Amino acid sequence: TDVSVHLVGFLSSVLLCLHQKQLQPSTAQKSLQGRRELLEQACLSHTRKRRVLSPEDLKHLIVDDKHGLIYCYVPKVACTNWKRVLMVLTSDGRYTDPLAIPANEAHVSGNLRTLSEFSVTEINQRLRSY
């Protein structure tokens, strides 16, 4: 029984130590919290500025009405492959294999619809629904 008393006491000490460590944020947690706060402040400073979007702002938003999605592409970040996938999805059978589509064809305007091609009413409807 002496062993079990010592074991229970030891385990209680370990659990208390672990609990206290969980309550005290680590250096990494403090750093991450600081980053979150900085990001939140930066976002707040930019989101207060309201301006009317121009058609140019909407050219990077590809619309797929069939599947109810909007894809915002970023050049040089796998956008060619995603455009190929969207071409297959929206082509009604014209394209079946994304990798068979030449890279330059994925960037031809007119192959995919962008949000800038719609009226303000249609744009708002899609932004609310997709």
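Is K66 buried or exposed? With a relative accessible area of 57%, K66 is exposed, where buried stands for under 20% relative accessible area, exposed for over 50%, and partly exposed for values in between (1.4 Å probe, protein chains only). The structure is a predicted model, in which local features need pLDDT of at least 70, side-chain atom pairs count only at pLDDT 80 or more, and totals for chains, interfaces and linings use all residues. Residues are numbered from 1 along each chain as its sequence is written, and side-chain values use heavy atoms, with hydrogens and water left out.

The protein chain holds five helices and three strands, taken as DSSP runs numbered from the N terminus (helices: H or I, at least four residues; strands: E, at least two). Along the sequence, these elements follow the pattern α-α-β-β-α-α-β-α. Of the 130 residues in the protein chain, 18% count as buried. The accessible surface comes to about 10300 Å², and carbon and sulfur atoms account for 59% of that surface; the areas come from the Shrake-Rupley method with a 1.4 Å probe, and for residues only the protein chains shown count as cover. Contacts (heavy atoms within 4.5 Å) were also sorted by sequence separation. Among those between residues at least 6 apart in sequence, 44% join residues at least 24 apart.

The buried residues of α3 are C79, K83, R84, L86, M87 and V88. Packing partners for this buried set are β1, β2 and α4.

Salt bridges come next, each being a side-chain nitrogen of Lys or Arg within 4 Å of a carboxyl oxygen of Asp or Glu. The count under this rule is four. One of them joins K66 to D92, with 3.7 Å between the closest N and O atoms. This pair ties together distant parts of the chain, 26 residues apart: K66 sits in the loop between β1 (61-64) and β2 (69-72), and D92 in the loop between α3 (79-90) and α4 (103-106). Like K66, which is exposed at 57%, D92 counts as exposed, here at 66% relative accessibility. Another salt bridge connects the side chains of E56 and K59 at 4.0 Å, N to O. In that pair, E56 is exposed with a relative accessible area of 55%, whereas K59 is partly exposed at 40%. The side chains of E117 and R113 also meet in a salt bridge, at 3.3 Å from N to O. E117 is partly exposed at 42% relative accessibility, and R113 is likewise partly exposed at 42%.

Most residues other than glycine have a negative phi, and most peptide bonds are trans. Which value does phi take at K76? Phi of K76 is near 75°, a positive value in a residue other than glycine. K76 lies in the loop between β2 and α3 and counts as exposed at 82% relative accessibility. D92, the partner of K66 in the salt bridge described above, also has a positive phi, about 55°, although D92 is not a glycine.
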